[in-house]
Amino acid sequence: MPRRFLTFLHLAVAIACAGGLPFAYSDLHSAPLDPAPGEVQIELRQQVAPGQREVKLGDVAIIRTRDYATIERLVGLPLGPAPREGTQAVLRREVLARWIRSQVGISRDQIAWSGPEQVVVRVGYRQAVTQQALPAATVPMVSRGDWIVLQLKSGAVELERRVEVMQDGVLGQVIKVRGENGASSVDGRVVAAGRVEALR
C-alpha cells in the first residue's frame, strides 16, 4: 500500500475517532496522553512490507481511539529502521506494549489488543530470510531481581517453578536464574515477559 495512501488513511481514521472536531496544532502536542483502561485499541497486522526507511507503529498496526492527540502520537511512534532487502524482523505484542509504555507512557491496561501475537516486518521476497532486530525488540522482558516463572519440559510433562532473575534479558536471550532458598543458578531462555524456559 503506498505511503501516501497510508498517511491519508491514518488521518481519516483519527478524524473519525475524534468525532470530526477541529484541533489546534498546539493543542495536539500539549494534551497529556492518559487514556482510560482499554480506550486505545491496537490491532496488529500479520505481515507488513514498509515502503520507507523507518518503521512506525502505524505501519504494523491499526490504531483506534477517541483522542486525536493519542492516535497521532501512536501512529507516528518510531520502532526503528526497516530491515535490509531480503531480511525480516519479528515484533511481538508484548515487546510493543513495553516499547509504547517506555516511549509514550501508555500502560498495558490502557490498551485493548487484537490481531496476531506478533507481526513480521519484511523487505523483499526471497525465500530464505534472516532475522534483524529492531530497537523495540531490545526492551528487556525480564529484569534483574524479578521473581518470574521457569518452565521445565520433559516429554509430555511440563513443570513450572518460581525463580529469581540474575540479569536483564530480552526475548530469546539466555540468562541466569536461581530458585528459592539459595539454590544454584541455571540457564533459561526468555520466552515471554516474566517467563523463561529451562535449557537442558
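The model is predicted: local features need pLDDT of at least 70, side-chain atom pairs count only at pLDDT 80 or more, and totals for chains, interfaces and linings use all residues. Residues are numbered from 1 along each chain as its sequence is written, and side-chain values use heavy atoms, with hydrogens and water left out. The protein has five helices and 14 strands. Helices (H or I, at least four residues) and strands (E, at least two) are DSSP runs, numbered from the N terminus.

**Confidence**

- The average pLDDT of the protein is 75, and 74% of the residues score at least 70. pLDDT is the predictor's confidence in each residue, from 0 to 100.
- Over residues 1-32, pLDDT stays under 50. For this stretch the model has 26 contacts beyond four places in sequence. A contact means heavy atoms within 4.5 Å.
- Residues 125-129 also have pLDDT under 50. Here the model has seven contacts beyond four places in sequence.

**Overall make-up**

- The protein has 200 residues, and 36% of them count as buried. Buried means under 20% relative accessible area, exposed over 50%, and partly exposed in between (1.4 Å probe, protein chains only).
- The accessible surface comes to about 11500 Å². Carbon and sulfur atoms account for 51% of that surface. Accessible areas come from the Shrake-Rupley method with a 1.4 Å probe; for residues, only the protein chains shown count as cover.
- Take the contacts between residues at least 6 apart in sequence: 60% of them join residues at least 24 apart.
- Gln110 and Pro37 illustrate separation in sequence: they are 73 residues apart along the chain, yet 3.8 Å apart in space, C-alpha to C-alpha.
- Gln110 sits in the loop between helix H5 (93-104) and strand E7 (111-114). Gln110 is buried, because its relative accessible area is 7%.

**Strands E12, E13 and E14**

- Strand E12 (residues 174-178) and strand E13 (residues 185-192) run antiparallel, joined by five bridges. Two strands pair if DSSP finds at least two bridges between them.
- E13 also pairs with strand E14 (residues 195-198), in the antiparallel sense, over four bridges.
- The hairpin of E12 and E13 has six residues between the strands. In this hairpin, Asn181 takes a positive phi near 60°.
- The hairpin of E13 and E14 has two residues between the strands. There, Gly194 takes a positive phi near 75°.

**Salt bridges**

- The count of salt bridges is seven. A salt bridge is a side-chain nitrogen of Lys or Arg within 4 Å of a carboxyl oxygen of Asp or Glu.
- Arg93 pairs with Glu117, with the closest N and O atoms 3.5 Å apart. Arg93 is in helix H5, and Glu117 is in the loop between E7 and strand E8 (118-123), so named parts of the chain 24 residues apart are linked. Arg93 is buried at 17% relative accessibility, whereas Glu117 is partly exposed at 48%.
- Arg162 forms a salt bridge with Glu180, the closest N and O atoms being 2.9 Å apart. Arg162 lies in strand E11 (residues 157-165) and Glu180 in the loop between E12 and E13, so the pair ties together parts that are 18 residues apart in sequence. Arg162 is partly exposed at 44% relative accessibility, and Glu180 is partly exposed at 43%.
- Asp187 and Lys176 meet through their side chains at 3.0 Å, N to O. Asp187 is in strand E13 and Lys176 in strand E12, 11 residues apart. Asp187 counts as partly exposed at 32% relative accessibility, and Lys176 counts as partly exposed at 36%.

**Surface patch**

- Leu152, Val157 and Leu159 form a nonpolar patch on the surface. Together they have about 250 Å² of accessible area. Patches are made of residues with over 30% relative accessible area and no salt bridge: like charges are joined within 9 Å, nonpolar side chains (Val, Leu, Ile, Met, Phe, Trp, Tyr) within 5 Å.
- Leu152 is located in strand E10 (residues 147-154). Leu152 counts as partly exposed, at 30% relative accessibility.
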